[in-house]
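Please look over this structure with the report below. It takes up a few local features, one after another.

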Amino acid sequence: LSPPVFLLQYTDKEEVVLWMNTVGPYHNRQETYKYFSLPFCAGSQKTISHYHETLGEALQGVELEFSGLQIKFKEEVMQSTYCEIELDKAKRDAFVYAIKNHYWYQMYIDDLPIWGIVGEADENGEEHYLWTYKKLEIGFNGNRIVDVNLTSEGKVRLVPNTRIPMSYSVKWKKSDVKFEDRFDKYLDPSFFQHRIHWFSIFNSFMMVIFLVGLVSMILMRTLRKDYARYSKEEEMDDMDRDLGDEYGWKQVHGDVFRPSSHPLIFSSLIGSGCQIFSVSLIVIIVAMVEDLYTERGSMLSTAIFVYAATSPVNGYFGGSLYAKQGGRRWIKQMFIGAFMIPAMVCGTAFFINFIAIYYHASRAIPFGTMVAVCCICFFVILPLNLVGTILGRNLSGQPNFPCRVNAVPRPIPEKKWFMEPAVIVCLGGILPFGSIFIEMYFIFTSFWAYKIYYVYGFMMLVLVILCIVTVCVTIVCTYFLLNAEDYRWQWTSFLSAASTAVYVYMYSFYYYFFKTKMYGLFQTSFYFGYMAVFSTALGIMCGAVGYMGTSAFVRKIYTNVKID
């Protein structure tokens, strides 16, 4: 029998399946176990095969098991016992542990999630009680289910060597909720559309206007002055010019387009960053159009699919940059570019998977799913990356720089400590982080706590603001660097934008200790492991965006200069 899980339209008295998903501590959202890992008993009905999950669900640890309860569409069930738990000492200890750690469980009826608490302790924490009666109230509109509510009743004290009957009842009521809007009750507009959220967007927007103004002022005034000075120097005779002091960014025109150090790693990072940016853009647009939060695991499945499909972007930008910098080992560059992000994500997942297996958690990724992800890497991402690399090398791989590169590198003069690349890199990430950190709070809360993130319009705005701020900041940093006659701008522009990631990771420590009540090895390693992956990916994306903007700027200013 195939499970009728996606039959969204029911006929009267048709079977409605109650799926048991997972159980786990309230404060550790990702630490989940199979529902029947606690010694609950199942109903008598057994005629249903296991539900087949999607890739996203398998990665997110969704473990749907049939509850065995008989529920038929529009058929009321009075309170009736569906099974009994024979409570020996081991089972009692398991329940007491679950109650002490505030365990609660999740179930699904027709894809609508329902949550219930396992039990509770009295004030002194000495006696423990189990909720034994599930009172289900299901709302229907026409022949569709639009609303489900669960009330837990029947508090029974846990005493060893007793039998505890588990019971349920089902009540059907007509509802005016439209089928399309049935998920609205799970959203939290008062949290996501809070005044602070609007205010932070407005605040970031003002910062953007200020920064764009600053950059255009630097370009207009300073560059005009520089150009005027340089063209005046053209008119002087040779004697005057030798006596006149030469300084500023024009002096490094013979070195500014010199290939960066470690061009292989550099071009792979830029390619990966461009790909992450395109993935973010596409996934946010898809999420704005389709309500991805209504289906389990659909956000993750979409992201994996889009990441695989946008591999040519990575190959194109990485390959063309590597060719421009005169790189010869392009196949190695393509492999590094293609597998950099997947290796980072899979490495972290693999490490956390060991802990999940040790804990017997439902988050342990099945072997089949791992194989599927590896197949996507080798048979989808790699070939598409190859296509992108070949296109990039042939279409835009020629080094068409506005200035010739000198044969001998020019020595870099001494400069003040705050002009050193290391200092510029550390300071470069502060403003981009400032423009996104309120949004980070909302994104973290929807991932690590029980909120469904649905305001993707906000996310889109923040992504645009982040990109503009990053480009502006890196252009200003690069201008100062070149004026100090230091031509190592490629890595500096990438790293000063990527340092945003360090600030985001530092913020995640603050969030963990002050905004959540997580505990235990599994949840902690899960949190810091995936936060590191998220921060690194964000950093690579910002770095690539910053470098692309700066590269256009550097080209522009050196194109307009008359060079002997």
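This is a predicted model: local features need pLDDT of at least 70, side-chain atom pairs count only at pLDDT 80 or more; totals for chains, interfaces and linings use all residues.

Residues are numbered from 1 along each chain as its sequence is written, and side-chain values use heavy atoms, with hydrogens and water left out.

Thr474 sits in helix α13, residues 456-483. Helices here are DSSP runs (H or I, at least four residues) and strands are E runs of at least two, numbered from the N terminus. Is Thr474 buried or exposed? Thr474 is buried, because its relative accessible area is 1%. Buried means under 20% relative accessible area, exposed over 50%, and partly exposed in between (1.4 Å probe, protein chains only). The Thr474 side chain reaches the backbone oxygen of Thr470 at 2.9 Å. Not counting residues up to four places away in sequence, Thr474 touches Ser493, Ser496, Ala497, Gly546 and Thr550. Contact means heavy atoms within 4.5 Å.

Thr348 belongs to helix α9, residues 330-359. Thr348 is also buried, at 16% relative accessible area. Neighbours within four places in sequence aside, Thr348 is in contact with Gly529, Tyr530 and Val533. Asn560 lies 212 residues from Thr348 in sequence, and 47 Å away in space, C-alpha to C-alpha.

**Helices α11 and α12**

The axes of α11 (residues 421-428) and α12 (residues 430-448) come within 5 Å and cross at roughly 10°. Therefore α11 is roughly parallel to α12. Roughly parallel means an angle under 35 degrees; over 145 is roughly antiparallel, 65 to 115 roughly perpendicular, and the rest oblique. Axes are lines fitted to C-alpha atoms, for helices over the stretch in contact, with angles from 0 to 180 degrees between N-to-C directions. Which residues meet? Cys426, Leu427 and Gly428 of α11 meet Ile430, Leu431 and Pro432 of α12. The residues of this contact divide into 5 nonpolar, 1 polar and no charged.

**Two histidines with positive phi**

Most residues other than glycine have a negative phi. The histidines below have positive values.

Note on methods:
Ala, Val, Leu, Ile, Met, Phe, Trp, Tyr, Cys and Pro count as nonpolar, Asp, Glu, Lys and Arg as charged, and the others, Gly among them, as polar. A polar contact is a pair of N or O atoms within 3.5 Å; within protein, one must be able to donate a hydrogen and the other to accept it, and residues adjacent in sequence count only if both atoms are side-chain atoms.
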